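Reader: Please take me through this structure one feature at a time. I would like the general idea before the particular case.

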Amino acid sequence: MFGKVDTMKKDIKIFLGSSIVEFKELRNSLSSFIADLNSRFESKYDFVLKLFRCDDGSQNPYITEEGTQCDIDKNVVDSDICLFIFGDKIGEYTKGEFDLAFEKFSASGNKNPKIAVYFKKNVNSNDDVINYIKPKKVICNYGNHDARLG
């Protein structure tokens, strides 16, 4: 009489973007953290965290395969949450990924994806990065707790 209860878990898609070389260890740490969250909470809640990284699909530390950036861009657009890590500068690919996420955020009435930006601690020369991100009014965290954008 009553149908089967749907126990499908919702995928919460997270994109992690940064400079490929500069933040590899931090991306690996965040990947491990998200995997740990999944292992602890997947059986208790109706969601699964799915992480997509800016270096997914590339054996080379630089994006070289035809179409790889298109696949990464699709992951950005399909994400519920986009995390970006910035250091001294914004690379061409990371800037493009951030812009895609922000375009979708703006088009959705500032609802989706949620965008969080982390600035490397004690970076003195990232004013160009800060000036680019500042007008976007996204969630920012400064490694040195710098309130310049606050």
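**Strands, a crossover and a pocket**

Author: Phe-84 has Val-117 in strand 4 as its bridge partner. The model is a predicted one.

Reader: Which residue of strand 4 is the bridge partner of Ile-85?

Author: That partner is Tyr-118. Strand 3 and strand 4, the latter covering residues 114-119, are paired in the parallel sense, with six bridges.

Reader: What stands opposite Ile-85 in strand 1?

Author: Ser-18 does. Strand 1 (residues 10-18) pairs with strand 3 (residues 81-86) in the parallel sense, over five bridges.

Reader: How should I read the two faces of a strand?

Author: Side chains in a regular strand alternate between the two faces of the sheet. In strand 4, Ile-115, Val-117 and Phe-119 make up the covered face, while Lys-114, Ala-116 and Tyr-118 make up the uncovered one.

Reader: What unit do strand 3, helix 3 and strand 4 make, and of which hand?

Author: They make a β-α-β unit, and it is right-handed. Helix 3 takes in residues 92-107.

Reader: Which residues of helix 3 are buried?

Author: Here the cut-off is under 20% relative accessible area. The buried residues are Thr-94, Glu-97, Phe-98, Asp-99, Ala-101, Phe-102 and Phe-105.

Reader: What is the volume of the largest pocket, and which residues are closest to its centre?

Author: The volume is about 300 Å³. Of the 20 lining residues, Ser-18, Ser-19, Ile-20, Gly-91 and Thr-94 are the closest to the centre. Ser-18 is also the residue opposite Ile-85, and Thr-94 is among the buried residues of helix 3.

Reader: Which element supplies the largest share of the lining?

Author: Helix 3 does, with four residues. Strand 3 and helix 3 each give at least two. By class, the lining holds ten nonpolar, five polar and five charged residues.

Note on methods:
Residues are numbered from 1 along each chain as its sequence is written. This is a predicted model: local features need pLDDT of at least 70, side-chain atom pairs count only at pLDDT 80 or more; totals for chains, interfaces and linings use all residues. Side-chain values use heavy atoms; hydrogens and water are left out. Two strands pair if DSSP finds at least two bridges between them. A crossover is right-handed if, with the strands pointing away from the viewer, the path from the first strand over the helix to the second runs clockwise. Buried means under 20% relative accessible area, exposed over 50%, partly exposed in between (1.4 Å probe, protein chains only). On a 1 Å grid over the protein atoms alone, a cavity is a set of points where a 1.4 Å probe fits but cannot get out, and a pocket is an open set with protein on both sides within 12 Å along at least five of seven lines; lining residues have an atom within 4 Å of a point. Grid points are joined across faces, edges and corners, and a volume is the space filled by probe spheres set on the points. Ala, Val, Leu, Ile, Met, Phe, Trp, Tyr, Cys and Pro count as nonpolar, Asp, Glu, Lys and Arg as charged, and the others, Gly among them, as polar.
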